[in-house]
Amino acid sequence: MRKMGAAAARRTALAAQGFGARKPTRATRRSVLGVLDRTQLLQLDSVSAVVRAHYMPVFSRIGPYDRAVLDQVAWRDGARRPRALVEYWAHEAALIPVEDWPLLRWRMREYEHGRWSGMRAVIQRNPTLGKDILDVITEVGAATAGTVERHLELDKPRSGGSWWNLSDTKLICEQLFAAGELSVPTRVGFARHYDLVERVIPPQVLERVVPEQEAVRELVLRAATAHGIATEADLRDYYRLRRTQTEPAIADLVDAGELVPVAVAGWERPAYLRAGVTTPRRIEGAALLCPFDPLIFFRARTERIFGFRYRLEIYTPEHKRVHGYYVFPFLLDGELVGRVDLRADRATGRLSVPAAFAEPGYDTPATAAALTGALRELADWLELDDVVIGERGNLAALL
């Protein structure tokens with residue numbers, strides 16, 4: 001079995017994700033989609049403390065770009081520039097290439113009667129609501145759940161409280177989306193507008209039928225492309241697959257020469273190298289990574305590769321948080337050297353940095369200087385005038 005050092009494996013993973021490459025002088029549709037060629041997907045999330053999660057990984061890799069370009073490739077469709085991405089459940093809710101949609105039909109079949117038990121209960125108590133929703137959308141076109149609800153005359157006041165207090169109409173819309181009957185042609189203010197899937201997915205893609213075994217094999221190959229080098233658990237997590245699916249797929253891909261078994265120093269589990277990937281001698285550059293960046297969203301992999309234990313503390317009570325509410329790891333020259341709590345205050349034009357921490361050995365002026373530049377670039381991209389540094393963390397005073 002081929003052997004590889006931990007540092008070489010780390011550089012391989014970073015290069016596969018698009019780090020260390022020369023950034024384009026002007027970000028275009030092609031360069032934005034080039035990021036997807038590397039990452040294969042962009043996770044969606046509702047938190048907007050700084051910027052929506054799907055925008056940030058593109059910025060981290062190519063620098064400042066017009067977010068409208070990503071909006072266009074994901075949620076606009078035209079004869080000259082058809083949509084290139086579509087939403088579905090991949091690694092959680094995500095944007096994926098349109099042509100990958102058939103690879104997840106097996107999941108749509110599994111979700112036909114509900115993605116989780118609470119949703120199945122809603123279906124059981126509203127057995128005709130799904131058909132009613134499809135009838136409304138067929139007639140009126142793309143619509144939010146609220147619009148559908150008003151057409152069905154179900155718009156009733158609901159008790160306030162949690163974000164999770166969703167109406168049955170919204171839940172059934174989400175169920176029809178999960179089952180592949182509805183898709184999302186556009187978002188307005190991040191609210192999903194649902195439409196019939198045949199109005200969103202191109203006919204040649206919609207007609208493609210891929211058996212589950214073949215589809216899973218292709219998904220594992222895409223995960224391997226995104227990772228460069230990965231364990232079975234890494235490959236499984238990228239598209240939220242099951243071990244019973246990934247193990248046969250990995251064996252097939254090894255037999256086909258697409259994956260090469262590798263023993264990585266310090267890794268407890270066998271690894272698989274994507275055939276043809278490069279391992280650069282060094283990775284240079286600085287990047288802030290949002291919590292849902294594909295490089296780090298599988299926390300066990302992040303800790304294994306970078307020695308960096310990272311947890312999202314949004315749902316941790318404030319007095320129990322260690323690093324902050326919405327913390328961005330800081331990547332510098334191929335290492336995760338710090339973490340920064342960030343908030344974009346658009347009303348005052350400020351990028352707020354309540355806390356900044358360096359990893360052991362990196363609380364240096366050089367780290368602070370590189371982070372200062374990264375924060376200023378982020379603020380400029382978000383059209384914020386000032387960067388305001390708080391007092392918490394061992395990097396705060398240096399910043």
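## Around Tyr 65

Let's start with Tyr 65. Setting aside neighbours within four places in sequence, Tyr 65 is in contact with Ala 27, Val 32, Tyr 55, Val 58, Phe 59, Leu 70 and Trp 381. Keep in mind as you look around that this is a predicted model.

As background, nonpolar side chains tend to be buried together in soluble globular proteins.

## A three-stranded sheet

Now for a sheet. Three strands make it up, in the order β2-β4-β3; the sheet is open and its pairing is antiparallel. At the edges sit β2 (42–43) and β3 (85–90), each of which pairs on one side only. Helix α4, residues 67–75, packs on the sheet and touches β2, β3 and β4. The direction of α4 makes about 75° with that of β3.

How many bridges join β3 to β4? There are six, and the two strands run antiparallel, with β4 covering residues 92–97. The link from β3 to β4 is a hairpin through one residue.

## Both sides of β3

Is β3 mostly covered or mostly open? The strand is mostly covered, with six of its six residues buried. In a regular strand, side chains alternate between the two faces of the sheet. Here, Leu 85, Glu 87 and Trp 89 are on one side of β3, with Val 86, Tyr 88 and Ala 90 on the other. Both faces are covered, and those residues are all buried.

## Thr 231 in β7

One more stop: Thr 231, which lies in strand β7 (residues 229–231). Why does Thr 231 count as buried? Its relative accessible area is 3%, and buried means under 20%, so Thr 231 is buried. Leaving out neighbours within four places in sequence, Thr 231 is in contact with Trp 267, Arg 269, Pro 270, Ala 271, Tyr 272 and Arg 304.

Definitions and conventions: Residues are numbered from 1 along each chain as its sequence is written. This is a predicted model: local features need pLDDT of at least 70, side-chain atom pairs count only at pLDDT 80 or more; totals for chains, interfaces and linings use all residues. Side-chain values use heavy atoms; hydrogens and water are left out. Two strands pair if DSSP finds at least two bridges between them. Helices (H or I, at least four residues) and strands (E, at least two) are DSSP runs, numbered from the N terminus. Contact means heavy atoms within 4.5 Å. Axes are lines fitted to C-alpha atoms, for helices over the stretch in contact, and angles run from 0 to 180 degrees between N-to-C directions. Buried means under 20% relative accessible area, exposed over 50%, partly exposed in between (1.4 Å probe, protein chains only).
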